[in-house]
Amino acid sequence: MVLGRMAPGNDSSVKEFILLGLTQQPELQLPLFFLFLAIYVVSMVGNLGLIVLIVLNPHLHTPMYYFLFNLSFTDLCYSSVITPKMLVSFVKQNIISHAECMTQLFFFAFFVIDECYILTAMAYDRYAAICKPLLYKVTMSYQICHLMTVGVYAMGFVGAMAHIVCMLRLTFCDNNIINHYMCDIPPLLKLSCTSTAINELVVFIVVGVNVTVPSLTIFFSYTLILYNILGIHSAEGRSKAFSTCGSHVIAVSFFFGSIVFMYLKPSNVSGDEDKVSTIFYTIVGPMLNPFIYSIRNKDVHIALRKTLKKTCLSK
């Protein structure tokens, strides 16, 4: 049985939390440890590999792969913010200080919001390439791509700061056991012994804006893309256009679907369902994205062959 630990002295506020982890069933701890360790290793190798390929191959220095580079970097970072701490829960009692918990929450929110807008930028890039091909180089110039990236990270910073500032105003007392494998907002709000009304409003606004705006932008982009694709007369042209967008549609559906379920769900959903939903966009998603964007991507295949050939010749 896990017992909460109170802070010493007369100060009743909690100084550290205990993360319960994914499950409390002893027979599942070791198998799940190796499963998620394998997922993390695959995620690191896949995203680092894609980053290296994009950097080393000049023919991938285009807006599409520029945003894919940022997506892989974001996946690499926020998977690393979550998974190592999660793995600790499978082998021992996972204690995290209040400061560490707030730091993890900040970077988690920062990178998740970043991913929302990077996926949006990628959808706009595909819209510009398919619907306005003659203006593509102007519409998606390097200056505009850099400005869009600055905007992506700025939105992530503002959203993460909003959550953290509101979370720091709360007092945690008595119970310090977080029914989760990370410091996420819903389980932390359940532990607060002060009013969480402002926090809930901020969550509704920040999550609502950072899900609704990207979702609508992506939806309208792909509506226009679909309309233009259906107007292409050649079957080969339609197939090529669909193939360049298909992987992005899969990644977007997977990511936004799990976020909507997690933060905009009915209040009667259990904590265990919360944890399962979070796994999809914090751990499984970053592992799948490199494969989603590279399995049917001829440019990535060519870059991989060239890089492997250079590596072999240099030995």
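**Close-up views of a predicted helical and disulfide-linked model**

**View 1. Surroundings of F157.** Leaving aside residues up to four places away in sequence, F157 touches F106 and F110, where a contact means heavy atoms within 4.5 Å. The model is a predicted one, in which local features need pLDDT of at least 70 and side-chain atom pairs count only at pLDDT 80 or more, whereas totals for chains, interfaces and linings use all residues. Residues are numbered from 1 along each chain as its sequence is written, and side-chain values use heavy atoms, with hydrogens and water left out. F157 is found in helix 5; helices (H or I, at least four residues) and strands (E, at least two) are DSSP runs numbered from the N terminus. With a relative accessible area of 43%, F157 is partly exposed, on a scale where buried means under 20% relative accessible area, exposed over 50% and partly exposed in between (1.4 Å probe, protein chains only). F157 and F111 are 46 residues apart in sequence, and their C-alpha atoms are 8.7 Å apart in space.

**View 2. The disulfide between C101 and C183.** The sulfur atoms of C101 and C183 are 2.0 Å apart and form a disulfide, a term used for a pair of cysteine sulfur atoms within 2.5 Å. This pair links distant parts of the chain, 82 residues apart, with C101 in helix 3 (residues 98–131) and C183 in the loop between strand 3 (177–178) and helix 6 (185–191). The torsion about the S-S bond of C101 and C183 is about -125°, so this disulfide is left-handed. Both C101 and C183 are buried.

**View 3. The disulfide between C173 and C193, with other cysteines.** C173 is joined to C193 by a disulfide with an S to S distance of 2.0 Å. Because C173 lies in the loop between helix 5 (142–168) and strand 3, and C193 in the loop between helix 6 and helix 7 (197–230), the pair ties together parts that are 20 residues apart in sequence. C173 is buried at a relative accessible area of 16%, whereas C193, at 40% relative accessibility, counts as partly exposed. A search of the whole structure finds two disulfides, and when the bonded cysteines are numbered in sequence order the pairing is 1-3, 2-4. C131 is buried, with a relative accessible area of 18%, and C166 is buried as well, with a relative accessible area of 11%.

**View 4. The loop residue M182 and its contacts.** M182 is found in the loop between strand 3 and helix 6 and, at 0% relative accessibility, counts as buried. Not counting residues up to four places away in sequence, M182 touches L19, I82, Q104, F108, T278 and T282. Although M182 and L19 are 163 residues apart in sequence, their C-alpha atoms are 6.6 Å apart in space. For the protein as a whole, 78% of the contacts between residues at least 6 apart in sequence join residues at least 24 apart.

**View 5. The salt bridge between R126 and D125.** The side chains of R126 and D125 meet in a salt bridge at 2.8 Å, N to O, under a rule that asks for a side-chain nitrogen of Lys or Arg within 4 Å of a carboxyl oxygen of Asp or Glu. Side chains of opposite charge can pair when their charged atoms come close. Both R126 and D125 are buried, and the count by this rule comes to one salt bridge.

**View 6. A nonpolar patch on the surface.** M155, L201, F204, I205, V209 and V213 form a nonpolar surface patch that has about 540 Å² of accessible area together, the areas coming from the Shrake-Rupley method with a 1.4 Å probe and, for residues, with only the protein chains shown counting as cover. Patches are made of residues with over 30% relative accessible area and no salt bridge, like charges being joined within 9 Å and nonpolar side chains (Val, Leu, Ile, Met, Phe, Trp, Tyr) within 5 Å. Helix 7 gives the most to the nonpolar patch, with five residues. V209 lies in helix 7 and is partly exposed, with a relative accessible area of 37%.

**View 7. Two annotated spans.** The unreviewed UniProt entry places the feature "transmembrane region" at several spans, including residues 63–82 and 201–229; UniProt positions are given in the numbering used here, feature names are shortened, and annotations may be inferred rather than shown by experiment. Residues 63–82 are 100% helix and 0% strand, with the end C-alpha atoms 29 Å apart. Residues 201–229 are likewise 100% helix and 0% strand, and their end C-alpha atoms lie 41 Å apart.
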